[in-house]
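Please find below a short note on the structure, arranged as numbered points.

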Amino acid sequence: MVIISPMKFLYKALHIAAVVLSLAAGFVSCTKALKYVDEDLLDIPFIYDIPIDGIPLTRASRMDNLNVSRYALYGMRGKNTFAKNVILQRNEDGTWSQSENISFPAEPVNLYSVNASFAKKNAGGIMDKVSMTLAKQTFTYTVPERAEDQFDLMYASSIGVDMSANGGDTGLRFKSALAALNFIVINKMDGDYKIIVGGISVHNIITSGTFTFSTTESNSGTWTEGTTRGKVERILDEPFVVPTTRDYLVDKDTILLVMPQAKGTKWKTKDTSPVSIAEADASGQNYLKLLCKIQNEQGRYVLGTENSYGEVYLPVNIPKIAEGKTNTLTISFSGGYDSDGVPLSFSSGYDFVVEPWTNGNDEPEDMEF
């Protein structure tokens, strides 16, 4: 874990000089009024920037991997809540703004945060449900189905932190709440086939869960997986030609984010007793769907067309998926199944070979009429 010590700017009652720092040097500070409403509230600094613990599962197109620009803060002191879903947002000039003033007590408190609003979806946030009571601190989350809608969900907590004693360091350290799947693929088909992939989806994985913050350990908690199964998918920006040597199908910076969960059950189908995709869905069995174009050595499309993709279904073993980890699966492409669970045929029967004319004898024969 790499954490750069914060530059600490103290703010005084009714005025604060806000802060900067953490993942990279050179963050710009901002000034913001702070409201004090309690005699026990003293001059306490506040660090806006929160370090990331370890290497996050950042999608480069969604979030700078050295920067968290928006998060929500929840603060509890004894039997009271002094900060409830306060949204802190980094401005374009590097300064910070917040949805409401925060009065930090000069005594140990518990802080909780996620890198997006705790507000419900219908209020413009991304969280399905939040329950932050003095007895229990949880939130429920559903991973978006489409890759372009996914982002790194991160969380942080600080149990019993006294900000007046440590120069305003909240003790919050963001950690990735989700997991990820990545894929390596290799063309193992017999013959000179060209395989072009335009998209991939993983089916019948758990898509939601409830996270419970630890009551004793900072920056820690556990997921309880839900029961709803669904899919995650990505349509590739550019068609991918499957090589004859191993290569990543989905780039490391654009992996599929998934909910942490137990090992799945693989879809099983046989040539002699096919099991359809509909049956696999009903049983919650895991499989991949690839959007493919396949050409034989003559350039003829045996799956899909020049302007459209066909579908190839593949059974897959989804291993146990742990929070903050990436599981990389290898696809050895040597064919696949259709939606009925029947093996796809890519034989030469699509082409006709015509033998050339040959003479039965070298010498002509006389014929009588």
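**Notes on strands and aromatic rings**

1. Strand β11 and strand β16 (residues 247–248) are paired antiparallel through two bridges. Within this pairing, Ile184 has Tyr248 of β16 as its bridge partner. It should be kept in mind throughout that the model is a predicted one.

2. With strand β17 (residues 256–258) the pairing is antiparallel and comprises three bridges; here Leu181 stands opposite Leu256. With strand β21 (residues 326–333) the pairing is parallel and comprises eight bridges, and Val185 has Ile331 of β21 as its bridge partner.

3. Is strand β11 (residues 179–187) enclosed or open to the outside? Nine of its nine residues are buried, so the strand is largely enclosed by the rest of the structure. Ala179, Leu181, Phe183, Val185 and Asn187 are buried on one side, and Ala180, Asn182, Ile184 and Ile186 are buried on the other, which leaves both faces covered.

4. An open sheet is formed by six strands in the order β5-β4-β3-β6-β9-β10, with antiparallel pairing. The edges are held by β5 (96–98) and β10 (175–176); each has a single partner strand, so one side of each lacks a neighbour in the sheet. Inside this order, strand β6 (residues 109–114) is joined to β9 by five antiparallel bridges. Val109 has Val161 in β9 as its bridge partner.

5. How many aromatic pairs does a search of the whole structure find? The search finds 17. In one of them, the ring centres of Phe139 and Phe211 lie 5.3 Å apart and the planes are at 25 degrees, so this pair is stacked, the cut-off being under 30 degrees. Phe139 belongs to strand β8 (residues 137–142) and Phe211 to strand β13 (residues 208–213); the two residues are 72 residues apart, and the pair links distant parts of the chain. Both Phe139 and Phe211 are buried.

6. Tyr155 and Phe213 make an edge-to-face aromatic pair, with 6.0 Å from centre to centre and 75 degrees between the planes. This pair also links distant parts of the chain, since Tyr155 lies in strand β9 (residues 154–161) and Phe213 in strand β13, 58 residues apart. Tyr155 has a relative accessibility of 1% and therefore counts as buried; Phe213, at 2%, likewise counts as buried.

7. Two further aromatic features deserve mention. One aromatic cluster is formed by Phe46, Tyr48, Tyr71, Phe82, Trp96, Phe104 and Phe174. Lys293 lies over the face of Tyr309, 4.7 Å from the ring centre.

Definitions and conventions. Residues numbered from 1 in each chain as written. Predicted model: local features only at pLDDT ≥ 70, side-chain atom pairs only at ≥ 80, totals over all residues. Heavy atoms only, no water. Phe/Tyr/Trp six-rings, centres within 6.5 Å; stacked < 30°, edge-to-face > 60°. Helix = DSSP H or I, 4+ residues; strand = E, 2+ residues; numbered from the N terminus. Buried < 20%, exposed > 50% of the residue type's maximum accessible area, 1.4 Å probe, protein only. Lys NZ or Arg CZ within 6 Å of the ring centre and 35° of its normal. Pairing = 2+ DSSP bridges.
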